[in-house]
There are 4 protein chains.
Amino acid sequence: MGVSVRVAPGEPAPVRAARNRVGAEIEFSRVVAFSDGVFAIAITLLVLALEVPAGLDDLGQALRNRGDEFFAYGLSFAVIGSLWIGHHRFFGDLRAFDGRLMALNLVYLAFIALVPFSSSLLGSYNDNAAAVIVYSLNMILISVALTVQIVYAYRQGLMTEEAARLRGGAFFARSFIIPGVFAVSIPIALVNPDNVPWLWLALPILVRLGDAWGRRRS
Amino acid sequence: MGVSVRVAPGEPAPVRAARNRVGAEIEFSRVVAFSDGVFAIAITLLVLALEVPAGLDDLGQALRNRGDEFFAYGLSFAVIGSLWIGHHRFFGDLRAFDGRLMALNLVYLAFIALVPFSSSLLGSYNDNAAAVIVYSLNMILISVALTVQIVYAYRQGLMTEEAARLRGGAFFARSFIIPGVFAVSIPIALVNPDNVPWLWLALPILVRLGDAWGRRRS
Amino acid sequence: MGVSVRVAPGEPAPVRAARNRVGAEIEFSRVVAFSDGVFAIAITLLVLALEVPAGLDDLGQALRNRGDEFFAYGLSFAVIGSLWIGHHRFFGDLRAFDGRLMALNLVYLAFIALVPFSSSLLGSYNDNAAAVIVYSLNMILISVALTVQIVYAYRQGLMTEEAARLRGGAFFARSFIIPGVFAVSIPIALVNPDNVPWLWLALPILVRLGDAWGRRRS
Amino acid sequence: MGVSVRVAPGEPAPVRAARNRVGAEIEFSRVVAFSDGVFAIAITLLVLALEVPAGLDDLGQALRNRGDEFFAYGLSFAVIGSLWIGHHRFFGDLRAFDGRLMALNLVYLAFIALVPFSSSLLGSYNDNAAAVIVYSLNMILISVALTVQIVYAYRQGLMTEEAARLRGGAFFARSFIIPGVFAVSIPIALVNPDNVPWLWLALPILVRLGDAWGRRRS
C-alpha cells in the first residue's frame, strides 16, 4: 500500500493538535475504555432480544420455536466480539490520535451500538427481506466506518511505522471482503431471505483467506 | 475571564480537603471511570428506544416509518458523544478535585443518564411540543450543570493554570450558546414543533464559531 | 472504637490469604472496577423506569402526571451516587483484601443492583405502603451489608491504621442513622405512606450531623 | 495433572504469536476489562427480570407472589459473582495469552451474558421442567467453556508455572462437580422440577469439598 508515512520510529507524528500516545496515555486510555464500554454493553444487551415466552402451556415447544432468536444472538455475539478484537488491534497500532479520529470513532461506535436492534429484528423476522437488509446495512456501515478510521490514521501518520508496513494488506482485504459479502446479501435477500444468515457463516473463512492474501502481498 | 487563580504551576491548590490529582491519581481515575461508565451506558441504552415492529405484514414500510426514531438515535448519540468529549477535556484540565466537585459531577451525570428517556420521547413524538420541550430542558440542564462545575473548579483553583488561561473564553462561549439555542427552541416548539430538531443540527457550527470567538478573546 | 489493629504502618496485615493492596494492585483494581461498573450500570438503568407515555392525546399532561417517577429517579440517583462515594472512601481506606471481603462486597452489590427495581416500584406506587416498605428494606439491607464489610475489614486489620483511627466514629454514626431512618419509615408507611419519601430528604442533614458527632468523638 | 509445561519461571512461553503478559500489559488489561464489563453488565441486568406488578389492588400480595423471581435473582447473582471470582483467578494465573484464548474467552462470555435470560425464565417458571433444563444447560455450557479455556492455557504453557502446579487439582475438581450437578438436575427436573433449584444451594459445599480434595491431591 502506498502509505506515505515518513517519520522516524518513536518520533511524534507531525500533525497539528495530534496527541502523542505515550505523552497522553491517560487520555488515550479513556478513549479506549469508553469504546470498550460501548462494545461490552452492546454485546451484553443482545440478551434482551431473547424474550421469555408468556404462556405456560408448552414452554419446551415455545423455546424450540425460538431457534432463530438464539441463532441471531450467537451470530451477533460473534460479530461484535470479532469487531472488538479488530478495534483492539487497530488501537494497539496507533501511536497518536487527534480530535477528528475521536469523532470518527464515535460514528463507528454509533453503528456498533445499533447491533442489538438489528439483531433483535433478525431474530424475530429472519425469513423477511427487510430484516436481512437492515442487518446487512448495519454491517456495511460498521465496515465502512472502520475503514475510514484506518485510512485517516494512515494518512495522518497516526499509526506506528511497523503497523503501517505490516498490516496494510490485511486491513485492505478485510475492508473489502466484509462489506462485500453483506452487499451481495441484499439482492439475494430480496429473492430468498431464508438462507442468507447461513451464508454469513462463511465469513470467517473468507476473512482468513483475505488475511493470508494480504500478508503475502505486503 | 477574571479568574483569580494565583498559584505556581504544579503546586497544589490551597483548598481545604481538595485532593491533588497526582497524589490521588487512583481515586481521581475512579471518578473518571465512573463518569465514563455512565456516558458509555447511557449512549448504548439509546438503542433500546428503537422498537422492533410487532407486525410482519410490511416490515419494510414499518421500518421506513421509524425514520424519526433513527433521527433521534443519531442526534442523541452525537449529543452524548460530544458531551463526553467536553467532559473528557474538562477533567483533563483538572489538577485537583474535592467532594463538592464530585457531588456536582453526580448531578451532571443524572441529567446525562436521563437522555435515553428524552431521546425515546423525541423519537416517538417529535412533532409534539411537549417532547421537544422535554428534550430541550434536558439539554439546558446538562449545560447548566457543566457550567456550574467549570465555574466552581475555576473559583476553587482546581484547574491547571494553563487551562484556566487558555480555555476560559471557549468554555464561556459554549456555556451560553448551547443552552441558548435550546432555550430559544422552547417557544418555537410551542408554535411549530415539527422542525425544531432540524434546527439543532446547526449547533456544531455555532459551537465552532463560539470556540473561534473565545480563542480570539483570550 | 475499640479496633485492635496492632500493625506498623505499611506492613502487611497478619491475615491468612489476605492480599496486600500494593502487591496485588492489579487484582485489587479489578475488584474496584467491577464494583464501580455495577454502580454505574445500576445508576444508569434507573432511567428505564421512566416510561414513554403511550398516548398522543395530551403528552404534556401525561408527563406532568409522572412527577412521582421523576422524584423516584432523582432520589435514587442521589442515593446510589452517595453510596458510591461511601464505597469509594471505604475502598480507599483498605490496604489489603481477602476472599471473604470479596464475597461480602458481592452481597452488598446485589442489594445495590436491586435499587432500579425498588425505585421503579416507588415511582409507580409511591402512595402505597408496600412500595415504600420495599424501598426502605432495600436501603436497610444495603446499609447493613456495608456495615458488615466495614466491621469485617476493621477486625481483620485490612484497613490502613490511619483510616481505622480517624473514620471509626463517622462510619459508626452512619451505620446507625441511615438504616434507623428507613426502619422508622416502615411503621409510618403502614399508617400514611404518602409523605414518607419526602421525609427521606432530611437524610443528608442527619448524616452530616452524625459525621460531625463522630468526628468529635474520635 | 500431567501438564507438560517446561519453561523457566519468568521466561516467555515458547508459543507462536503468544503475547507475554508483562510486555503487553495494556492489551491484556483491555481483555480483562472487557470481560469484567460483560460480567458487571450481565449481573446488573438480572434486575430487569423483576417486573413491577401492574395492578394496585394488593401490591403487598403481588410482591409476595414474586418470591420465585427474587430467588432466581439471588441465585443468579451468586452464580455470576462466583464465576467472576473464578475468572478473576484464572486470568490472574496467566502469564501470556494468544488469539485463540481470546476467542475461547468470547465463547465463554457469550454463555455468561445469556444468564439474565435463563434466570428470567427460571424466575417466571421455576416449577416447569423446561425452565430448569435451560438454566442447567446454560450452567453446563459455562463450565465446559471455562474448562476448555483452562485446559488450552495449560497445554500452551500460558499459565505461570506456580499456578500450573498448585491449582491443577482444584480446577480439575471444579470442572467436574459443577457441570455434574447440573447434568444430574436435568433428569430430576423431568420428573419433579419444583425442588431442583433448592438442590443447587448445595453447590458451594460440594465445590469446597472438591477444592479440599484437589489441594490434597496436588
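These legends describe close-up views of a predicted model. Local features need pLDDT of at least 70, side-chain atom pairs count only at pLDDT 80 or more, and totals for chains, interfaces and linings use all residues. Residues are numbered from 1 along each chain as its sequence is written, chains are lettered from A and ligands numbered from 1 in the order in which they are written, and side-chain values use heavy atoms, with hydrogens and water left out.

**View 1. The contact between chain C and chain B.** Chain C contributes 33 residues and chain B contributes 27 residues, where contact means heavy atoms within 4.5 Å. The two chains bury about 2,600 Å² between them, 77% of it on carbon and sulfur atoms. Buried area is the accessible area (1.4 Å probe) that two parts lose on being put together, summed over both.

**View 2. The salt bridge between chain C and chain B.** One salt bridge is found across this interface; the term requires a side-chain nitrogen of Lys or Arg within 4 Å of a carboxyl oxygen of Asp or Glu. C:Asp36 pairs with B:Arg30 in a salt bridge, and their closest N and O atoms are 2.4 Å apart. Three residue pairs are in polar contact across the interface of chain C and chain B (both at pLDDT 80 or more). A polar contact is a pair of N or O atoms within 3.5 Å; within protein, one must be able to donate a hydrogen and the other to accept it, and residues adjacent in sequence count only if both atoms are side-chain atoms.

**View 3. The side of chain C that touches chain B.** In chain C, α1 (25-45), α2 (59-64) and α3 (67-92) each supply at least two residues of this side. Helices are DSSP runs (H or I, at least four residues), numbered from the N terminus. The most comes from α3(C), with eleven residues. By class, this side of chain C has 21 nonpolar, eight polar and four charged residues. Ala, Val, Leu, Ile, Met, Phe, Trp, Tyr, Cys and Pro count as nonpolar, Asp, Glu, Lys and Arg as charged, and the others, Gly among them, as polar.

**View 4. The contact between chain A and chain B.** Here 27 residues come from chain A and 33 residues from chain B. About 2,600 Å² is buried between chain A and chain B, 77% of it on carbon and sulfur atoms. The count of salt bridges between these chains is one: B:Asp36 with A:Arg30, the closest N and O atoms being 2.4 Å apart. Five residue pairs are in polar contact between chain A and chain B (both at pLDDT 80 or more). On the side of chain A that touches chain B, two or more residues come from each of α1 (25-45), α4 (99-112), α5 (115-124) and α6 (129-155) of chain A. α1(A) gives the most, with ten residues. This side of chain A has 21 nonpolar, four polar and two charged residues.

View 5. A:Gln149 lies in helix α6 of chain A. A:Gln149 is buried, with a relative accessible area of 0%; buried means under 20% relative accessible area (1.4 Å probe, protein chains only). Not counting residues up to four places away in sequence, A:Gln149 touches A:Phe90, A:Phe91, A:Leu101, A:Leu104, A:Asn105 and A:Tyr108.

Technical notes. Buried means under 20% relative accessible area, exposed over 50%, partly exposed in between (1.4 Å probe, protein chains only).
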